[in-house]
Amino acid sequence: MAGFDLSGLTASFGGERVIGPLTLNVKEGDQVALVGKSGAGKSTLIRLIHQRVDRESSLVPQDLGLVNALPVFHNVFMGQLDKHATWYNTVTLVRPFKQDRKQVLELLDALRMSEKLWIPTASLSGGQRQRVAIARALYRNAPVLLADEPISALDGPMAHLVMQLLTDRFNTSVIAMHDVNMAMKYCNRIVGIQDGQIALDEPADQLVASDIMSLY
Amino acid sequence: MLSYPTVRTSLIFLAIALVGLLFADIAITANNPWRDLGNFFLGILTPNFFSSEGLLTALLRTVAFAFVGVTVGGICGFLLALIYRFLPVRIFCAFIRAIHELFWALIFLQFFGFHPLTGVLAIAIPYSGIFAKVYSEILEEADPEPGRLLPPGTGTIAAFLYTKIPDCWAQLRTYTAYRLECGLRSSAILGFVGLPTLGFYLETSFSQGMYSDAGAMLILFYVLIATIPLWVRPKLLPIYVLGAPFFLGDGLPIVWGNVERFFTEDIIPSPIRDGEGLAGLMPWLEELFANEALPGIWNTIVLTQIALVATGILALLSFPLISNHFGGPIRRTAGHVFLVIARSTPEYILAYILLQLWGPSMLPGAVALALHNGAIIGHLIGRQTNTITLRSDAVTGFKRYTWELVPRVYRSFLAFLFYRWEIIMRETAILGILGIYTLGFYVDSAIQHIQFDRAMVLILITALLNIGVDALGRFIRRKLALQTMPTC
């Protein structure tokens, strides 16, 4: 089960409702781009979906959630901490197993940063840190991707590379992003959020960029 | 000026100390204190490193006891830190750290005797309480976000190892290394109650007037502390930790009968032991309070307050010695040497030396406490002033001190001072063993008279007094919105 039906999604902040109540149905194969101006509630919606979908998702949160003192390898490996026994995780912390090293290295290779495998994430640049968080989501390999501005710190070619990778690896996804062109190019469904409500929900191929611009 | 709460608080404490001075027993009673002091400094200038092999053994034992004690304390403290959020654990830790290492040693001596276990536990128990508190504070400050974003279903242990520990690792390591230095000091003074560490050697040399031997010991001790970064290396640490237990010496075997008797007879209040029941307990307690506890508490508080203010004054006077804002490199180097020596010498050793030279009164105690603690705070504040950049036309000299620097560092100065208040009181109580009439004096004499029941009640009172001052110090720091990092 990769799709999900969520209804009655609401969130309040300081007593003020910022989201919903709204209903969102995502079918398997939907690659949803959440668009809307900043403050519209995209991040909140991603968090809400994550809470509901729970185990079934690979998450790329906006603040990345990296452990700065650990090397890139361990930060990526953390995407599968729930799949291994405690002893296995503990040994990995000291001395990673060969097959895990190989898997993580392949992912980093795809993200063009395999040389950073043993570098603590604290000493990486913003864009590199973002790619580590993406690598963790890829490594987790859940049926659904939930990503909040996953390419905000990446330059042009790298942003395209990452989006291509995410679309290839995840059949079903919800990605919040502010770049309308990227959204149209890599997603097949566009959901526009305005004042905490769904203001637009159309297949990407039936929209032109100007339809979306009205949200901003 | 008076409208600042920090200034008002300082003046109140100054006034309390001045009133305390009226009641305090401050005198130099030795016949020729300056000649003795001169002889002592002559001893330091002409150290004798080769008088006996005892010195090296004492040094080895000091290091061994410190390593074993701090390791055991660190492990127990870490485990306690994991459950520190439970109130009973917090109370338990507050209690065991409120009792000074020397008191613990005195207790264990009564039933384990001169067995290595006595020295190890005397360090490990109070250090567990301190480690538990500081470790839990460090772990609490870790960024909670990575933990929240872990895959759901991640085990608690894996989550802890992957998100908490790496984030806190540097701080945990720094603090533990710092505690090791404290452990070396604690280990050295355990010699004063008869364990085979440097304190024992110092006391022996002093009582025989062999100042050159004592001087050699002090110099070795400073070198040992100052070179910690050189010989305590992460790669060597496992060797030290595993090897240390083999260098504690044999001591004397434990007589288990003594252990049993201690708990079933010795520490039971004598009226109950003699079958007088609870009716006899009240007069016993009343007598103990009137003749020992109250005078002990009074003297402890008086000396603590005097020493606290003297510490503050010395810290304010000494921080310019190492501050980049004054003078040249020569004076700063001299300042560093003075502050390193004053803060590496345990206050107990300073007090012991001064007491030998000046005779018994509160004066040696107050001076020792002020020197040691003042040098620690002066060092921390001096270092802090080095991070301050002044505008290029800032005033110089004394005006710079009073107008530019003191106002900027005064809050953190007060924070350090109130943090050390409880530490100063703990030390004040223990100085009683040297013959100053604080609580430690009454504990020590009760033990000498084999009245362990009385000693235990007095130690309990000392612990409660420390916990009270700790709470008061925290209250004042919160009221004045002062923050600090832990120092020992």
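## Domains of chain B

Chain B is divided into domain 1 (1-30 + 284-488) and domain 2 (54-266), the bounds coming from an automatic or database domain assignment. This is a predicted model, in which local features need pLDDT of at least 70 and side-chain atom pairs count only at pLDDT 80 or more, while totals for chains, interfaces and linings use all residues. Residues are numbered from 1 along each chain as its sequence is written, and chains are lettered from A and ligands numbered from 1 in the order in which they are written.

Taken over C-alpha atoms, the centres of domain 1 and domain 2 of chain B are separated by 23 Å. The contact between them takes 22 residues from domain 1 of chain B and 25 residues from domain 2 of chain B, two residues being in contact if their C-beta atoms, placed from the backbone, lie within 7 Å. On the side of domain 1 of chain B that touches domain 2 of chain B, the elements giving two or more residues are helix 16 (329-344), helix 17 (347-358), helix 19 (397-431), helix 20 and helix 21 (452-479) of chain B; helices (H or I, at least four residues) and strands (E, at least two) are DSSP runs, numbered from the N terminus. Helix 21 of chain B gives the most to this side, with six residues. The residues of this side of domain 1 of chain B divide into 17 nonpolar, three polar and two charged, where Ala, Val, Leu, Ile, Met, Phe, Trp, Tyr, Cys and Pro count as nonpolar, Asp, Glu, Lys and Arg as charged, and the others, Gly among them, as polar.

Helix 16 of chain B has 16 residues and reaches 22 Å from its first C-alpha to its last, close to the 22 Å expected at 1.5 Å a residue, the expected span being 1.5 Å times one less than the number of residues. Its buried residues are B:G335, B:L339, B:A342, B:R343 and B:S344, and what covers them includes helix 10 (211-226), helix 15 and helix 18 (362-385) of chain B. A residue is buried if 20 or more other C-beta atoms lie within 10 Å of its own, exposed if 12 or fewer, and partly exposed in between, with C-beta atoms placed from the backbone. B:I341, also in helix 16 of chain B, counts as partly exposed because it has 16 C-beta neighbours inside 10 Å. B:I341 and B:A226 are 115 residues apart in sequence, yet 9.4 Å apart in space, C-alpha to C-alpha.

The axes of helix 15 (residues 277-318) and helix 20 (residues 439-448) of chain B come within 7 Å and cross at roughly 145 degrees; axes are lines fitted to C-alpha atoms, for helices over the stretch in contact, and angles run from 0 to 180 degrees between N-to-C directions. From helix 15 of chain B, B:E292, B:G296, B:I297 and B:T300 meet B:L439, B:F441 and B:Y442 in helix 20 of chain B. By class, this contact has four nonpolar, two polar and one charged residues.

## Kinked helices of chain B

Helix 8 (residues 156-189) of chain B spans only 41 Å between its end C-alpha atoms, whereas a straight helix of 34 residues would span 50 Å at 1.5 Å a residue. A kink of about 55 degrees in helix 8 of chain B is centred on B:W169, the bend at a residue being the angle between axes fitted to the seven residues ending there and the seven starting there.

Helix 19 of chain B spans only 38 Å between its end C-alpha atoms, against the 51 Å that a straight helix of 35 residues would span at 1.5 Å a residue. In helix 19 of chain B a kink of about 55 degrees lies at B:V406, shortly before the proline B:P407.

## Residues with positive phi

Most residues other than glycine have a negative phi. A:E149 is buried, with 20 other C-beta atoms within 10 Å.

B:I450, which is not a glycine, has a positive phi of about 55 degrees and is placed in the loop between helix 20 and helix 21 of chain B. B:I450 is exposed, with 11 other C-beta atoms within 10 Å.

A:I134 lies in helix 5 (residues 126-140) of chain A and is buried, with 25 other C-beta atoms within 10 Å. Leaving aside neighbours within four places in sequence, A:I134 is in contact with A:V60, A:L111, A:P150 and A:V162. A:I134 and A:L64 are 70 residues apart in sequence and 8.6 Å apart in space, C-alpha to C-alpha.

Between the chains, 20 residues of chain A are in contact with 17 residues of chain B. Helix 3 (residues 86-94) of chain A supplies the largest share of the side of chain A that touches chain B, four residues. The residues of this side of chain A divide into nine nonpolar, six polar and five charged.
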